[in-house]
Amino acid sequence: MIAKMIFSASLLVIGLSNSVHADSGITLYEEHCASCHGGEEMGPDRVAPPVFAVKGHYLNHYEDKESFVKAIVAWVKKPEINRAHMPGAIRRFDLMPAIDISQEQSAKIAEFIYDGQFQRPGWYAEHYRQEHGEDPK
Ligand code: HEC
């Protein structure tokens with residue numbers, strides 16, 4: 001558990017309640033998503049929006065956990081431009097590839113994203129203002 005938390009330190013996940021084992025949301029996230037969506041340390045050389053930003057955009061559209069999880073599960077299975085909530089990210093990074101995991105696994109990941117707290121990267125507020133013309137919430 002301690003080692004796991006150190007390993008996960010880059011994500012700066014605070015207040016994680018579910019235990020960490022092979023098929024927990026955090027483990028699945030690290031295995032299938034973190035290489036691109038990483039965490040706080042992501043700088044200008046990033047290849048995808050940080051998970052903090054993905055979560056924020058999805059919360060703007062899906063407030064309750066059930067619809068949030070459903071939307072992420074659908075996205076991971078088949079990313080499509082006409083369903084995207086982050087068109088600026090697609091212009092910048094190209095469309096995300098579909099990720100070959102089960103629906104159950106992506107639901108666990110989505111729950112982890114919904115429940116976890118991710119620190120806003122230092123550069124993010126300025127980036128958001130440029131992209132959206134307003135301060136991030
Ligand atoms: C190979 C890199 C890569 C991996 C691995 C990856 N993503 Fe992405 N993801 C991206 C990129 C690039 C974008 C931004 C462009 C876009 O929205 O398609 C993105 C965007 C997203 C979005 C926002 C989509 C939108 O525009 O509405 C969600 C949600 C998301 N990813 C979830 C996940 C989850 C969950 C996983 C792990 C199961 C994952 N991603 C794995 C590259 C990746």
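Trainee: Which residues does Leu 59 touch, not counting residues up to four places away in sequence?

Mentor: Contact means heavy atoms within 4.5 Å. By that rule, and leaving out residues up to four places away in sequence, Leu 59 touches Phe 68 and Tyr 114. Leu 59 and Tyr 114 are 55 residues apart along the chain, and their C-alpha atoms are separated by 8.5 Å. This is a predicted model, in which local features need pLDDT of at least 70 and side-chain atom pairs count only at pLDDT 80 or more, while totals for chains, interfaces and linings use all residues. Residues are numbered from 1 along each chain as its sequence is written, and side-chain values use heavy atoms, with hydrogens and water left out.

Trainee: Where is Leu 59 placed, and does it count as buried, partly exposed or exposed?

Mentor: Buried means under 20% relative accessible area, exposed means over 50%, and partly exposed lies in between (1.4 Å probe, protein chains only). Leu 59 is in helix 4, and its relative accessibility is 31%, so it counts as partly exposed. Across the protein, buried residues make up 42% of the 137 residues.

Trainee: How many helices and strands are there in the protein?

Mentor: Helices (H or I, at least four residues) and strands (E, at least two) are DSSP runs, numbered from the N terminus. The protein has eight helices and zero strands. Of the contacts with a separation of 6 or more, 59% are between residues 24 or more positions apart.

Trainee: At what angle do helix 4 and helix 7 cross?

Mentor: Axes are lines fitted to C-alpha atoms, for helices over the stretch in contact, and angles run from 0 to 180 degrees between N-to-C directions. Angles under 35 degrees count as roughly parallel, over 145 as roughly antiparallel, 65 to 115 as roughly perpendicular, and the rest as oblique. Helix 4 and helix 7 cross at roughly 90°, with axes that come within 10 Å; they are therefore roughly perpendicular to each other. On the helix 4 side are Val 51, Lys 55 and Leu 59, which meet Ile 113, Tyr 114 and Asp 115 of helix 7. By class, that contact has four nonpolar, no polar and two charged residues. Here Ala, Val, Leu, Ile, Met, Phe, Trp, Tyr, Cys and Pro count as nonpolar, Asp, Glu, Lys and Arg as charged, and the others, Gly among them, as polar.

Trainee: Which residues of helix 7 are buried, and what do they pack against?

Mentor: An α-helix has 3.6 residues a turn, so residues three or four places apart point the same way. In helix 7 the buried residues are Ser 106, Ala 107, Ile 109, Ala 110, Phe 112 and Ile 113. They pack against helix 2 (25-32), helix 4 and helix 5.

Trainee: Which residues of helix 5 are buried?

Mentor: Phe 68, Val 69, Ala 71, Ile 72, Val 73, Trp 75 and Val 76 are buried in helix 5. Their cover includes helix 4, helix 6 (87-93) and helix 7 (103-115).

Trainee: What is the angle between helix 4 and helix 8?

Mentor: Helix 4 (residues 51-61) and helix 8 (residues 124-132) pack at about 45°, with axes 12 Å apart, and are therefore oblique to each other. The contact is made by Phe 52, Ala 53, His 57 and Asn 60 of helix 4 and by Tyr 124, Tyr 128 and His 132 of helix 8. By class, it has four nonpolar, three polar and no charged residues.
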